[in-house]
Number of protein chains: 2
Amino acid sequence: MNLKSDCLSCLLNQSLRVAKNLNFDEKTAKNMMQVASESIANYGEVSPPVAAADLYPKLASFSDGNDVYKTLKELSTVEALKLLPSVESKVHSVLDAIKAAVAGNVIDFATPNHFDLNTEFEKVFETSFAIDHSEEFLKKLEEVKSFMIIGDNVGEHVFDKLLLEAITERYPNISLYYAVRGRPIINDVTLLEANELGIDEVATVVDSGVPTPGLDYDYASEDFMKLYRSMDLVIAKGMGNYECLEAVKDKRIFHLFKVKCDVVAHDVGEALGSLIFMQNKLA
Amino acid sequence: MNLKSDCLSCLLNQSLRVAKNLNFDEKTAKNMMQVASESIANYGEVSPPVAAADLYPKLASFSDGNDVYKTLKELSTVEALKLLPSVESKVHSVLDAIKAAVAGNVIDFATPNHFDLNTEFEKVFETSFAIDHSEEFLKKLEEVKSFMIIGDNVGEHVFDKLLLEAITERYPNISLYYAVRGRPIINDVTLLEANELGIDEVATVVDSGVPTPGLDYDYASEDFMKLYRSMDLVIAKGMGNYECLEAVKDKRIFHLFKVKCDVVAHDVGEALGSLIFMQNKLA
């Protein structure tokens with residue numbers, strides 16, 4: 001999925017949020033916004049995550065190359081962990097755990113919509129998926145030997161771990177994997193946050209090598225791709241992974257996300273705010 | 001008042017709204033957004049209206065140089081005229097007419113906030129100005145021989161006319177003037193819309209010559225500036241005029257507007273949505 005006109009202003013709005021998050025003085029903020037505008041003027045036929053992977057290091061350079069969302073990522077994990085016991089008490093099946101994982105997908109600093117995790121969990125257990133291929137997924141889960149979640153945002157990863165636990169409890173013979181980004185990009189989960197949370201206790205955490213906030217094969221490491229291609233079943237979390245993978249024609253992949261922008265809403269043909277659990281198409 | 005970092009993303013968001021308003025195909029829209037981004041990357045220490053005056057003709061060039069808000073301006077006038085009789089029935093003083101005129105200022109396509117004129121009028125007659133120099137203004141009105149409104153948006157001009165009528169009814173000896181932009185810029189009022197509405201029946205309509213959505217003296221015609229300098233009292237409507245005039249140190253000018261963005265909110269020290277009727281400062 002390539003950048004749309006909407007994505008260009010969205011990227012500049014993200015840059016402004018980064019400047020505010022880092023409490024830059026007005027001169028630095030404006031300078032950063034102009035560097036961002038110049039980059040945005042030149043993005044061709046690439047996916048939004050690939051553009052973001054170019055943009056964010058430029059924003060980070062104004063902060064001595066630091067992870068611009070470090071503090072907010074830490075805060076997201078703290079908030080998610082606070083809600084975990086109450087969410088866990090509602091999870092009685094793999095499908096419930098999938099619902100919890102998609103509710104976690106609301107944690108996102110790259111989209112214009114504010115999030116309230118508590119409200120999100122209250123709603124999500126009563127809401128149907130707008131596109132619902134859970135039956136196909138649960139059927140496959142009965143047969144497979146390996147399964148991977150491609151992670152998305154920090155905070156959300158707390159509920160991805162819950163899903164991995166729910167699967168291993170019911171299907172102890174499935175080998176579980178959790179793929180993370182190769183470096184900090186927006187608020188996406190990297191090795192650091194995955195291991196800090198102890199996801200490595202329930203799955204093999206693997207660095208995809210990608211610097212983009214979505215699994216773009218061209219950027220993934222060879223080792224990762226070899227492992228990834230050997231998987232029997234995959235859940236790709238979040239819009240970034242959807243934007244990179246929607247066209248790969250691979251029925252092993254199920255996209256799990258909340259629709260958080262108009263561009264993706266239009267692409268999937270569902271309303272803003274919809275929950276999607278959709279198998280990647282062959283045709 | 002110079003461009004802030006926030007203004008840069010605001011300008012790109014405005015460009016996106018223009019693309020949507022003109023129903024461009026995705027390729028044209030993206031191309032236009034990239035031209036806009038490139039311009040935005042280069043705006044130095046200029047006011048937001050001066051930047052907008054550079055940007056909008058570039059956007060208009062994708063529409064064969066047409067007035068990109070022509071249809072929406074026509075619609076604004078139609079909607080404003082529908083509400084006029086009910087607003088008129090509430091106007092019993094010049095101050096009431098000033099309130100009606102500031103309620104009209106909510107009509108704006110350059111700001112992120114949607115507007116509902118009906119609701120706005122219901123609220124405005126019960127709301128106090130956050131900064132209120134109406135006493136000084138009404139006192140001056142007793143003494144002056146000439147008065148000018150510097151217009152802002154189309155639709156809003158319907159209620160500016162109401163204010164001019166209220167003044168001429170009570171002070172028939174004051175010469176009234178209504179200043180408009182020198183060419184179409186965003187949804188600002190030009191000679192065309194002012195004369196179509198018949199503002200020329202109640203005031204002398206004058207073309208300021210400025211191509212910016214705010215009265216920037218550097219862009220005004222000599223004839224206009226000569227007339228303008230001879231005025232005894234001026235109301236500058238809207239944020240664009242405020243952004244250009246806030247620092248000119250001229251106590252003849254009263255700024256009348258609704259605060260519609262964070263940058264101006266911060267500048268005047270009042271909340272988003274506040275109503276402002278503020279005399280220009282000497283110090």
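User: How many residue pairs are in polar contact across the interface of chain A and chain B?

Analyst: The model is a predicted one. For this count, both residues of a pair must reach pLDDT 80 or more. Across the interface of chain A and chain B, the number of residue pairs in polar contact is 15.

User: Which helices of chain A each supply at least two residues of the side that touches chain B?

Analyst: The contact draws 23 residues from chain A and 23 residues from chain B. On the side of chain A, the residues divide into nine nonpolar, seven polar and seven charged. The helices that each supply at least two residues of this side are helix 1 (5-21) and helix 2 (26-40).

User: Which residues of chain A lose the most area to chain B?

Analyst: Chain A and chain B bury about 1,900 Å² between them, and 54% of this area lies on carbon and sulfur atoms. Three residues together account for 29% of what the side of chain A buries. They are Ser5(A), Lys30(A) and Gln34(A).

User: How far apart are the closest N and O atoms in the salt bridge of Lys20(A) with Asp6(B)?

Analyst: Side chains of opposite charge can pair when their charged atoms come close. For Lys20(A) and Asp6(B), the closest N and O atoms are separated by 2.8 Å.

User: What is the relative accessible area of Glu120(A), which meets Lys123(A) in a salt bridge?

Analyst: The N to O distance between Lys123(A) and Glu120(A) is 4.0 Å, and the two residues lie three residues apart in helix 6 (residues 117-124) of chain A. Lys123(A), at 44% relative accessibility, is partly exposed. Glu120(A), by contrast, is buried, and its relative accessible area is 6%.

User: How many residues apart in sequence are the parts tied together by Arg181(B) and Asp152(B)?

Analyst: The side chains of Arg181(B) and Asp152(B) meet in a salt bridge of 3.5 Å, N to O, and both residues are buried. Arg181(B) lies in the loop between strand 3 (175-180) and helix 9 (191-197) of chain B, and Asp152(B) in the loop between strand 2 (146-150) and helix 8 (156-170), so the parts that the pair ties together are separated in sequence by 29 residues.

User: Which residues are joined into one network by salt bridges that share partners?

Analyst: Here the salt bridges are linked through shared partners. The network consists of Asp67(A), Lys73(A) and Glu193(A).

User: What is the phi of Asn23(B)?

Analyst: Most residues other than glycine have a negative phi. Asn23(B) lies in the loop between helix 1 (5-21) and helix 2 (26-40) of chain B and is exposed, with a relative accessible area of 67%. Asn23(B) is not a glycine, yet its phi is positive, near 50 degrees.

Terms used:
Residues are numbered from 1 along each chain as its sequence is written. Chains are lettered from A and ligands numbered from 1 in the order in which they are written. This is a predicted model: local features need pLDDT of at least 70, side-chain atom pairs count only at pLDDT 80 or more; totals for chains, interfaces and linings use all residues. Side-chain values use heavy atoms; hydrogens and water are left out. Contact means heavy atoms within 4.5 Å. Buried area is the accessible area (1.4 Å probe) that two parts lose on being put together, summed over both. A polar contact is a pair of N or O atoms within 3.5 Å; within protein, one must be able to donate a hydrogen and the other to accept it, and residues adjacent in sequence count only if both atoms are side-chain atoms. Helices (H or I, at least four residues) and strands (E, at least two) are DSSP runs, numbered from the N terminus. Ala, Val, Leu, Ile, Met, Phe, Trp, Tyr, Cys and Pro count as nonpolar, Asp, Glu, Lys and Arg as charged, and the others, Gly among them, as polar. Buried means under 20% relative accessible area, exposed over 50%, partly exposed in between (1.4 Å probe, protein chains only).
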